[in-house]
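Colleague: I have a model open and a few questions about it. Can we go through the rings, the sheet and the pocket?
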Amino acid sequence: MTAFGTDSWPPAPIRTGRLVLREAAARDRPAFVELFASPEVGTYVGGARPRADLEAAMPEVPGRRPGAFVVERDGTMIGVVTLDPGKGGRTDLGYMFLRQAWGLGYAAEACGAVLGWFAGIRPGEPVSLVTQTANVRAMRLAARLGFTEVERYEEYGAEQWYGVRGADAPATPDTSAD
């Protein structure tokens, strides 16, 4: 079950000032492999996966499912933003970006665009986000996107932060560097 009806998926590409958010395509496969094989990207999400395992197991078109947006800059995939069923019936926001896309405001721009799209198809529905408290960049982004802390808990050997963004939070965040 997705957070939105399949009649809402896939949406037309979402365009921001610098990015295009779209459904995954076969041309994105190398970037997906890089994303999941990167030790830096994997730091707060369970670690990197072996590249050979990814190459062998990854489908021809990875990430093609309702709620998964490829983030593209200048025709090249730089990350993904996802919406998935979450805790308490809320929808969870997730994102991962290739290391070379960090610190340029792309996560704020892409997540803000996806949150705006979601608010348009499911007005008033809250969205949740979980991150490790040690992930300082993700904590700052959660605050900029309007998420409010609900709880902290220990899981996977680290303190986790769980926040919720209500319908009254701003749809468009500050897009300064992440």
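Colleague: In which helix do F32 and F36 lie, and how many residues apart are they?

Modeller: This is a predicted model, to start with. F32 and F36 both sit in helix α1, residues 29-37. They are four residues apart, about one turn of the helix.

Colleague: How many aromatic pairs does the structure hold?

Modeller: Three aromatic pairs. One of them is F32 with F36, which is stacked, at 6.4 Å centre to centre and 15° between the planes.

Colleague: Is F32 buried or exposed?

Modeller: F32 is buried, because its relative accessible area is 5% and the cut-off for buried is under 20%. F36 has a relative accessible area of 25%, so F36 is partly exposed.

Colleague: Why is the pair of F69 and W117 edge-to-face?

Modeller: The planes of the F69 and W117 rings are at 75°, and planes over 60 degrees apart count as edge-to-face. The ring centres are 5.3 Å apart.

Colleague: Where in the chain are F69 and W117?

Modeller: F69 is in strand β3, residues 68-73, and W117 is in helix α3.

Colleague: In what sense do β3 and β4 pair, parallel or antiparallel?

Modeller: Antiparallel, over six bridges.

Colleague: Now the largest pocket. How much space lies in it?

Modeller: About 1,000 Å³. The elements that give two or more residues to its lining are β4 (76-85), β5 (91-97), α3 (106-121), β6 (127-132), α4 (136-144) and β7 (148-155).

Colleague: Which element gives the largest share of the lining of the largest pocket?

Modeller: β5, with six residues. The lining of the largest pocket has 37 residues, and those nearest its centre are Y44, V45, Y95, M96 and N135.

Colleague: How does the lining of the largest pocket split by class?

Modeller: There are 22 nonpolar, nine polar and six charged residues in the lining of the largest pocket.

Definitions and conventions: Residues are numbered from 1 along each chain as its sequence is written. This is a predicted model: local features need pLDDT of at least 70, side-chain atom pairs count only at pLDDT 80 or more; totals for chains, interfaces and linings use all residues. Side-chain values use heavy atoms; hydrogens and water are left out. On a 1 Å grid over the protein atoms alone, a cavity is a set of points where a 1.4 Å probe fits but cannot get out, and a pocket is an open set with protein on both sides within 12 Å along at least five of seven lines; lining residues have an atom within 4 Å of a point. Grid points are joined across faces, edges and corners, and a volume is the space filled by probe spheres set on the points. Ala, Val, Leu, Ile, Met, Phe, Trp, Tyr, Cys and Pro count as nonpolar, Asp, Glu, Lys and Arg as charged, and the others, Gly among them, as polar. Rings of Phe, Tyr and Trp (its six-membered ring) pair if their centres lie within 6.5 Å; planes under 30 degrees apart count as stacked, over 60 as edge-to-face and the rest as tilted. Buried means under 20% relative accessible area, exposed over 50%, partly exposed in between (1.4 Å probe, protein chains only). Two strands pair if DSSP finds at least two bridges between them.
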